[in-house]
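Please keep the sequence and the model at hand while reading.

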Amino acid sequence: MANILVVDDEMGIRELLSEILGDEGHAITLAENAQQAREARAAGAPDLVLLDIWMPDTDGVTLLKEWQRDGLLTMPVIMMSGHATIDTAVEATRIGALNFLEKPIALQKLLKAVQQGLTRAQEVARAPSPPPRPVMPPPIVESMPASAPMYAPPPMPAPLNGARVGVVGHGETQGYTLSFDLPLREARDAFERMYFEHHLGREGGSMTRVAEKTGLERTHLYRKLKQLGVEPGKLGKRGG
């Protein structure tokens, strides 16, 4: 488990990153502006910082310069932005940022960048005579196409002769039923709710394994479960 500081003025992004990284077992501290980030850093160096570039009080690059100037840039920092240019990314890397992620951030690219940052922090901590500032690699600009589909619904089961249908999985029939008398939208939502509850129960509530099983990025899986009113934590002890 690592202590990660997330700095972003958009509440939705803070909450989403907190959910994703918290589900990975990390302890998350949130800051909505540079002043709160300064206070969090003064309380102790986190293991990693995710830092937004454009913020209302002080931008992320300026804050990065402050930490570098004051000798406080002792942890890996990953910059984030949806509007920054390559020049901005290069400048941030020159100052001391480890990486740069372009919004919207794809789940796998986020987790990969975080793991790289934590690995780098461990390597620096183990080094017998670390340099004043570790040599940082070139910026890695990651992005997810805006046109990428948010969710591809699973195919509906083939019609049966009866009025209700049971959900069957790996030799076992679950206690779910679906009425054909429902309007199409309600029937589809009911099926999707049963589908995700089934997989969450089988995987012990693990969002990572359910995302792999259903073929969804976990960011999209979180949103879909919220839309359907499915609470993963209540299904962790449920058998498959």
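## Salt bridges and their surroundings

Arg69 forms a salt bridge with Asp70, and the closest N and O atoms of the two are 3.0 Å apart. The model in which this pair is seen is a predicted one. Arg69 counts as exposed because its relative accessibility is 59%, above the limit of 50%, whereas Asp70, at 44% relative accessibility, counts as partly exposed. Salt bridges that share partners also join Asp8, Asp52 and Lys103 into one network.

Side chains of opposite charge can pair when their charged atoms come close. How many salt bridges does the count come to? The count comes to six salt bridges, and the table gives three pairs from among them.

| Pair | Closest N and O atoms |
|---|---|
| Arg38 and Glu66 | 2.9 Å |
| Arg69 and Asp70 | 3.0 Å |
| Lys103 and Asp52 | 3.1 Å |

Arg38 counts as partly exposed, with a relative accessibility of 24%, while Glu66 counts as buried because its relative accessibility is 19% and the limit for buried residues is under 20%.

Lys103 and Asp52, with their closest N and O atoms 3.1 Å apart, form another salt bridge. This pair links distant parts of the chain, since Lys103 is in the loop between strand E5 (99-102) and helix H5 (107-126), and Asp52 is in strand E3 (residues 48-52), 51 residues apart. Are Lys103 and Asp52 buried or exposed? Both Lys103 and Asp52 are buried.

## Around Lys103 and strand E3

Lys103 is also joined to Pro104 by a cis peptide bond, for which omega is about -5°, and Pro104 is found in the loop between E5 and H5. Strand E3, which holds Asp52, is also the place of Leu48. Leu48 counts as buried, with 0% relative accessibility, and its C-alpha atom is separated by 8.7 Å from that of Val6, although Leu48 and Val6 are 42 residues apart along the chain.

## The loop between E1 and H1

Asp8, a member of the network with Asp52 and Lys103, is found in the loop between E1 and H1, and Asp8 is buried, with a relative accessible area of 0%. A polar atom of the side chain of Asp8 lies 2.8 Å from the backbone nitrogen of Glu10.

Asp9 lies in the loop between strand E1 (3-7) and helix H1 (11-23), and, at 32% relative accessibility, Asp9 counts as partly exposed. Which residues gather with Asp9 in a patch of negative charge on the surface? Glu10, Glu32 and Asp57 are gathered there together with Asp9.

Thr214 lies in helix H7 (residues 207-214) and is buried, with a relative accessible area of 17%. The side chain of Thr214 reaches the backbone oxygen of Val210 at 2.8 Å.

Definitions and conventions
Residues are numbered from 1 along each chain as its sequence is written. This is a predicted model: local features need pLDDT of at least 70, side-chain atom pairs count only at pLDDT 80 or more; totals for chains, interfaces and linings use all residues. Side-chain values use heavy atoms; hydrogens and water are left out. Patches are made of residues with over 30% relative accessible area and no salt bridge: like charges are joined within 9 Å, nonpolar side chains (Val, Leu, Ile, Met, Phe, Trp, Tyr) within 5 Å. Accessible areas come from the Shrake-Rupley method with a 1.4 Å probe; for residues, only the protein chains shown count as cover. A salt bridge is a side-chain nitrogen of Lys or Arg within 4 Å of a carboxyl oxygen of Asp or Glu. Lys and Arg count as positive and Asp and Glu as negative; His and the chain ends are not counted. The place of a charge is taken as NZ of Lys, CZ of Arg, CG of Asp or CD of Glu. Helices (H or I, at least four residues) and strands (E, at least two) are DSSP runs, numbered from the N terminus. Buried means under 20% relative accessible area, exposed over 50%, partly exposed in between (1.4 Å probe, protein chains only). A polar contact is a pair of N or O atoms within 3.5 Å; within protein, one must be able to donate a hydrogen and the other to accept it, and residues adjacent in sequence count only if both atoms are side-chain atoms.
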